[in-house]
Amino acid sequence: MNGVLIVTGASRGIGAATAIEGARRGYAVCVNYRRDAAAADLVVARIRDAGGRAIAVAADVSFESDVLRLFETVDRELGTLTALVNNVGVLEQQMRVETMTADRLNRIWTTNITSAFLCAREAVLRMSTKRGGRGGAIVNVSSAASRLGSSNEYVDYAASKGAMDTLTIGLAKEVADEGVRVNAVRPGFIYTDIHASGGEPGRVDRVKTSVPMQRGGRPEEVAAAIVWLLSDEASFTTGGFVDVAGGR
Ligand SMILES: NC(=O)c1ccc[n+]([C@@H]2O[C@H](COP(=O)([O-])OP(=O)(O)OC[C@H]3O[C@@H](n4cnc5c(N)ncnc54)[C@H](OP(=O)(O)O)[C@@H]3O)[C@@H](O)[C@H]2O)c1
């Protein structure tokens, strides 16, 4: 075994691909999800069928009590945490900033930012050598949107990813001499269900000609970068960003 990995939001998309690739590399994996138990169970079944170890844990990571329960479940059922992927991220109906309500903004901040801080906190509490831990690695799933701004679609989502980038830089420095590395990936347009929640399931095909490589990406292409950042091959990399965006 390579250690114990939590992937938040792993019932589908980039999170599911990361959980499967992590298990292939030898991690015991916690597949976190919010609602879709059947989808999470399928990811766990794929991992177990391939000889890996995995559990599914329902927890809405925007709630502190759920985050605490998620991490305590992993302590109990899988053992000492060594890796966290803060993958949960949501967006809402495409619109301009001038029509966004406070309720919408707070939902985005809580789900995309607060959850990442809370999960990072629980991971550091377990990994930091200053707290008796054995070290570990955190990867935040940001977005190319943090660089580009997502005008006319979801500037709120893009701004939440900017916060995630800053979390990556600041936390990386805070725990660099405590055995914990913190990095981020910034995916571009990836074929997943997230675009449907913005009201445009076919978005990647519409916009792919704006990508220098002239195509959208696959979840597995993002997972490969995440798992590399978690691994010892990235042992001197912290506070770093890997763009997985086809040159965009
Ligand atoms: N796809 C892209 O083009 C793209 C580009 C850049 C960045 N990203 C980022 O990549 C990450 C994954 O995106 P994706 O496209 O794979 O998303 P997705 O297909 O929409 O999947 C989202 C996952 O997160 C879970 N989830 C949502 N809210 C949750 C919560 N509060 N607590 C726990 N789980 C929750 C969902 O579980 P349930 O189904 O059970 O709710 C699902 O497993 C996100 O951070 C996203 O911003 C995606």
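Tutor: Helices (H or I, at least four residues) and strands (E, at least two) are DSSP runs, numbered from the N terminus. Residues are numbered from 1 along each chain as its sequence is written. The model is predicted, and local features need pLDDT of at least 70, side-chain atom pairs count only at pLDDT 80 or more, while totals for chains, interfaces and linings use all residues.

G246 lies in the segment that comes after strand 7 (241-244). Because G246 has 20 C-beta neighbours inside 10 Å, it counts as buried (20 or more other C-beta atoms within 10 Å; exposed is 12 or fewer, partly exposed in between, with C-beta atoms placed from the backbone). Apart from neighbours within four places in sequence, G246 is in contact with G188, V211, P212, M213, R215 and G217, contact being C-beta atoms, placed from the backbone, within 7 Å. Of these, V211 is 35 residues away along the chain, yet its C-alpha atom and that of G246 are separated by 6.1 Å.

Turning to the core, the largest nonpolar core has 78 residues, and V139, V185 and I226 are among those with the most contacts inside it; such a core is a set of buried Ala, Val, Leu, Ile, Met, Phe, Trp, Tyr and Cys residues joined through C-beta atoms within 7 Å. V139 touches V185 and I226, among others.

Around the ligand there are 29 residues, with G9, G13, G89, T192 and I194 the closest, where near means a C-beta atom, placed from the backbone, within 6 Å. Helix 1 supplies the largest share of this shell, 3 residues.

Definitions and conventions: Two residues are in contact if their C-beta atoms, placed from the backbone, lie within 7 Å.
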